[in-house]
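Have the structure open as you read.

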Amino acid sequence: MTLFLLTFFLAYSAVHFYAFLKARAALNFGAGTGIALALFMIIMIAAPFIIRYSERLGFELFARVMAYVGYFWLGILFLFFSCSIALDIYRFVVFAGGLLFQKDLSAFVLSARNAFLIPLVFSLAASAYGYFEAREIRTEHVTIKTSRIPAGTERLRIVQISDVHLGLIVREARLKRILEKVRLARPDILVSTGDLVDGQISRIDGLSGLLREITAKYGKFAVTGNHEFYAGFAQSKAFTEKAGFRLLRAEAVDDSGIVTIAGVDDPTAKAFGLAKKHRPWINKEAAGLFDLQLSGHVHDGQIFPFTIVTWLYYPVVSGLAHPAEGGYLYVSRGSGTWGPPIRFLARPEVTVIDLVHSGRPPGSRK
């Protein structure tokens with residue numbers, strides 16, 4: 001955890017320094033403006049730590065304001081950096097092409113001012129759009145035909161929520177939008193595939209009642225995500241159970257008499273000295289032992305182009321897949337947001353999975 005925080009701090013500081021140099025080259029501001037901008041950036045770099053400790057000290061209102069400002073800024077800066085790097089690559093290609101072909105390509109060269117203003121306008125516009133996209137919960141419908149469902153059962157409906165991240169930013173209004181989608185789906189089984197709570201679990205006990213009101217014919221089940229451990233496992237477990245979920249930790253249940261549901265801890269548990277799935281990895285030891293794995297964690301990148309990074313790390317970042325190991329894997333884009341209250345080209349979802357009977361074994365391919 002310490003190594004991760006140090007890496008994040010250094011990388012985040014470097015991006016701020018890059019943005020500062022871009023702004024100075026474009027605007028040629030004086031020392032006073034430069035000092036003011038540098039101080040603001042230093043506060044933003046420290047914002048995640050300020051938020052965490054102010055909340056621990058009980059300054060919840062200050063922590064929430066800082067969370068909105070600091071994490072919104074993180075999203076804006078990431079979009080600015082991504083667009084600016086793309087333009088830097090373009091400028092380098094134009095420069096290199098001019099040298100290589102001995103051509104005057106100055107007409108295609110962006111000025112330092114435009115190379116700053118274009119990413120700035122893009123990042124602000126994309127962030128504004130992403131704020132409203134994060135509030136528009138989409139219901140994703142998936143139908144899986146399987147011989148494991150008895151012929152007399154018309155269907156078994158599983159509703160999945162994931163990565164809600166209840167905390168300083170995702171509160172009652174967002175949770176109600178999510179639960180309205182769940183309620184309309186009328187689940188037989190409701191599952192939460194991790195990160196129901198955030199690292200900052202600021203006074204959210206009252207939200208458990210909203211979750212408890214949602215019922216499912218055969219029960220509500222949950223697994224841990226990494227943020228359950230960041231928030232403190234004991235209080236995360238208490239909240240999850242108070243919300244009416246049965247937390248599955250390396251155990252299986254068969255309450256419906258139709259399907260067996262198993263759950264294991266997120267790998268982050270090992271760092272806390274606990275058990276070892278919230279993440280969309282298939283354990284090789286489990287190959288052939290499951291018909292459907294439900295995961296989250298990835299958020300489909302949450303803010304494009306971070307999606308590209310997740311593609312490099314996870315074999316499946318969203319949607320339904322049929323891995324070579326057998327069975328199905330469904331990865332949710334997540335129902336809430338982590339960090340910035342922004343989703344850009346990665347709309348949040350509540351997933352409705354209908355299991356219906358067919359003669360085809362669940363692991364077979366068409």
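In which sense do strand β3 and strand β4 pair, and over how many bridges? Keep in mind that this is a predicted model. Strand β3 (residues 189-193) runs parallel to strand β4 (residues 220-223), and the pairing covers 4 bridges.

S192 counts as buried because its relative accessibility is 2%, under the 20% cut-off. Leaving out residues up to four places away in sequence, S192 touches I161, F221, A222, V223 and F245.

Nonpolar side chains tend to be buried together in soluble globular proteins. Here the largest nonpolar core has 31 residues, and L166 and L211 touch the most other members. Elements giving two or more residues to this core are β2, α5, α6 (208-212), α8 (233-242) and β11. The top contributor is α5, with 5 residues. As for L211, its contacts beyond four places in sequence are L166, L175, L179, L196, K220, F239, A243 and F245. There's also a second, separate core of 22 residues, with Y12, V15, A23 and A63 among them.

**Two helices crossing**

Now over to helix α1 (residues 2-27) and helix α3 (residues 60-101). Their axes are 10 Å apart, and they pack at an angle of about 60°. The crossing of α1 past α3 is left-handed. On the α1 side, the contact is made by F8, Y12, V15, H16, Y18, A19 and K22. On the α3 side, the residues are G70, W73, L74, L77, F80, F81, S84, I85, D88 and R91. Sorted by class, this contact has 11 nonpolar, 3 polar and 3 charged residues.

| Residue | Phi | Relative accessible area |
|---|---|---|
| N28 | about 50° | 65% |
| H165 | near 60° | 2% |

Which of these is buried and which is exposed? N28 is exposed, because its relative accessible area is 65%, over the 50% cut-off. H165 counts as buried because its relative accessibility is 2%, under the 20% cut-off. In the chain, N28 lies in the loop between α1 and α2 (31-56), whereas H165 lies in the loop between β2 and α5.

One more backbone spot to check: the peptide bond from F304 to P305 is cis, with omega near 15°. You'll find P305 in the loop between β8 (292-295) and α9 (306-313).

Key. Residues are numbered from 1 along each chain as its sequence is written. This is a predicted model: local features need pLDDT of at least 70, side-chain atom pairs count only at pLDDT 80 or more; totals for chains, interfaces and linings use all residues. Side-chain values use heavy atoms; hydrogens and water are left out. Axes are lines fitted to C-alpha atoms, for helices over the stretch in contact, and angles run from 0 to 180 degrees between N-to-C directions. A crossing is left-handed if the near helix is turned anticlockwise from the far one by less than a right angle, and right-handed if clockwise. Contact means heavy atoms within 4.5 Å. Ala, Val, Leu, Ile, Met, Phe, Trp, Tyr, Cys and Pro count as nonpolar, Asp, Glu, Lys and Arg as charged, and the others, Gly among them, as polar. Two strands pair if DSSP finds at least two bridges between them. A nonpolar core is a set of buried Ala, Val, Leu, Ile, Met, Phe, Trp, Tyr and Cys residues joined through side-chain atoms within 4.5 Å. Buried means under 20% relative accessible area, exposed over 50%, partly exposed in between (1.4 Å probe, protein chains only).
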